[in-house]
Amino acid sequence: MQIRYQLQAQRREKARERESLTVAELLQELRAVQTGVQILFAFLLGLAFSGRFTNLDDVELGIYVATLVLTVITTALIATPIALHRRMGHGGSSPRIVPIAALMAEIGFVLLALALNGAILLVTTFVLGRLAGICITIMTSSVFVALWLVLPWVLRPTRAARVSRRQSGAGQRVKASRTP
């Protein structure tokens, strides 16, 4: 009987360790991305104070403002899981933080892709003209779609592999719980 309680305690401890690792990994990834977002934001702020900024037409100005706002919202979304962890993570709230942080990260990455492509559209439209800017932005947007959506879809495990993994994991759990 005591062995069973020890096994259960070990499993709970391993689950806590996995949750802690998940939070730590997610926060580390977000901190790395946050630096890039901050650099983009600084670039956009600097543009407004450059001499040629007054040469932007209404469309380019609209792209600029939309990109600036997207960058600010992206910063908020990506920084929120870090702030949540600071405020709640040390009190055993990791299981509650992980799904919220993961959702915010996913939304933040979508907005980051939009902001980066907005910056590309703004710069290439200003430098090369509207048609070239649109063409280049379609290409860069395609890269994001290919790398962030298509590649994970292609690399995902097949249904058979997921079922096999679940069954082998279930068998191990059953064997462990029957050990005297």
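1. Rings of Phe, Tyr and Trp (its six-membered ring) are paired if their centres lie within 6.5 Å; planes under 30 degrees apart count as stacked, those over 60 as edge-to-face, and the rest as tilted. The structure holds three aromatic pairs.

2. This is a predicted model, in which local features need pLDDT of at least 70 and side-chain atom pairs count only at pLDDT 80 or more, whereas totals for chains, interfaces and linings use all residues. Residues are numbered from 1 along each chain as its sequence is written, and side-chain values use heavy atoms, with hydrogens and water left out.

3. Helices are DSSP runs (H or I, at least four residues), numbered from the N terminus. Both phenylalanine 53 and tyrosine 64 are buried; buried means under 20% relative accessible area, exposed over 50%, and partly exposed in between (1.4 Å probe, protein chains only).

4. Phenylalanine 144 and tryptophan 148 also pair edge-to-face, because their ring centres are 4.9 Å apart and their planes stand at 80°. They are four residues apart in helix α4, so about one helical turn separates them. Tryptophan 148 is partly exposed, with a relative accessible area of 39%.

5. Trp148 also belongs to a nonpolar surface patch of about 990 Å², together with residues including Val143, Leu149 and Leu155. Such patches consist of residues with over 30% relative accessible area and no salt bridge, their nonpolar side chains (Val, Leu, Ile, Met, Phe, Trp, Tyr) being joined within 5 Å. Leucine 149, in helix α4 (residues 130–155), is exposed at a relative accessible area of 57%.

6. The largest nonpolar core comprises 12 residues, among them Val23, Val37, Ile78, Ile97 and Leu112. Helices α1 (2–48), α2 (58–88) and α3 (94–128) each supply at least two of its residues. A nonpolar core is a set of buried Ala, Val, Leu, Ile, Met, Phe, Trp, Tyr and Cys residues joined through side-chain atoms within 4.5 Å. A second, separate core of 11 residues includes Leu56, Tyr64, Ala119 and Leu121.

7. Threonine 74, in helix α2, is buried, with a relative accessible area of 0%. Setting aside residues up to four places away in sequence, threonine 74 touches Val37, Gly108, Leu111 and Leu112 (contact: heavy atoms within 4.5 Å).

Key
Patches are made of residues with over 30% relative accessible area and no salt bridge: like charges are joined within 9 Å, nonpolar side chains (Val, Leu, Ile, Met, Phe, Trp, Tyr) within 5 Å. Accessible areas come from the Shrake-Rupley method with a 1.4 Å probe; for residues, only the protein chains shown count as cover. A salt bridge is a side-chain nitrogen of Lys or Arg within 4 Å of a carboxyl oxygen of Asp or Glu.
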